[in-house]
Every structure is written in structure tokens, then in C-alpha cells.
Amino acid sequence: PVKFDIVDYVGLTKERRIVFLECNEDNDGVVRMPKALMKRVRDVTIRGDLLDTRLFFFAHWIIDLLAEMPDLSSIRADLVPFLVQHQFSDNDAI
């Protein structure tokens, strides 16, 4: 097995919706999930064995969002965590 220095921890619901994403660079195995998220989503599976293929599919409104937010410089480091964090917000709040 290949051992990676950086582990991405992904929280998935039964419907395979990503509700949590944390990059653990020191690979200490400790995952800290916000209490507010644990109250909102009761059944989450944390996975640390998934590999990021860097293949993204977006709706047109996300492309429009990118145009409105020029400070987002990386899809993986900026946009995906932003979308995961704001997925339960009203569309007007984004």
C-alpha cells in the first residue's frame, strides 16, 4: 500500500453528499468536525482512503459564481471547500 503524507478526510452522507472536507497535512489521524454540522447531519461516514482525481463537474451557476469571486484561485483549495461550507445556505446568501 502507498502511504501519503497528506490525507483528505471526507464526510459523506448515506446519499453520498459531501458535507465535510478536511485536509490533514501532518496525518495525525485526528478529525475535528464542527458541532453545528454534527447537529444538522446525524449520519456521516468519515473516509480517509479516497483519492482526489481532480475531475470536477459544475452547474452553470457555479461558473457564474467563479466570475463574481476573482479571489478564488484554486478549485480544490478554495471553491470546493466554499461550496461544501455553504451548501445548506440560501442561494441569496452565497
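1. Let's start with the second largest pocket: by class, its lining has 11 nonpolar, 1 polar and 4 charged residues. Keep in mind that this is a predicted model. The pocket holds about 350 Å³ of space. Of its 16 lining residues, Val19, Phe20, Leu21, Val84 and Gln85 are the closest to the centre. If you want to find it by element, look at E2, helix H1 (35-40) and H3, which each give two or more residues to this lining.

2. Now for the largest pocket, with a volume of about 650 Å³. Its lining takes two or more residues from each of strand E1 (7-12), strand E2 (18-24), helix H2 (60-68) and helix H3 (75-86). H3 gives the most, with 6 residues. The whole lining has 24 residues, and Ile18, Leu21, Phe56, Val80 and Val84 lie nearest the centre. Sorted by class, that lining comes out as 15 nonpolar, 5 polar and 4 charged.

3. Next, have a look at how H2 and H3 sit together. Two packed helices are described by the angle between their axes and the distance between the axes. Here the angle is about 120° and the axes are 12 Å apart. Angles from 65 to 115 degrees would count as roughly perpendicular and those over 145 as roughly antiparallel, so H2 and H3 are oblique to each other. The crossing of H2 past H3 is right-handed.

4. Which residues make the contact? From H2 they are Trp61, Ile62, Leu65 and Leu66, and from H3 they are Leu79, Phe82 and Leu83. By class, this contact of H2 with H3 has 7 nonpolar residues, no polar and no charged.

Terms used:
Residues are numbered from 1 along each chain as its sequence is written. This is a predicted model: local features need pLDDT of at least 70, side-chain atom pairs count only at pLDDT 80 or more; totals for chains, interfaces and linings use all residues. Side-chain values use heavy atoms; hydrogens and water are left out. On a 1 Å grid over the protein atoms alone, a cavity is a set of points where a 1.4 Å probe fits but cannot get out, and a pocket is an open set with protein on both sides within 12 Å along at least five of seven lines; lining residues have an atom within 4 Å of a point. Grid points are joined across faces, edges and corners, and a volume is the space filled by probe spheres set on the points. Helices (H or I, at least four residues) and strands (E, at least two) are DSSP runs, numbered from the N terminus. Ala, Val, Leu, Ile, Met, Phe, Trp, Tyr, Cys and Pro count as nonpolar, Asp, Glu, Lys and Arg as charged, and the others, Gly among them, as polar. Axes are lines fitted to C-alpha atoms, for helices over the stretch in contact, and angles run from 0 to 180 degrees between N-to-C directions. Angles under 35 degrees count as roughly parallel, over 145 as roughly antiparallel, 65 to 115 as roughly perpendicular and the rest as oblique. A crossing is left-handed if the near helix is turned anticlockwise from the far one by less than a right angle, and right-handed if clockwise. Contact means heavy atoms within 4.5 Å.
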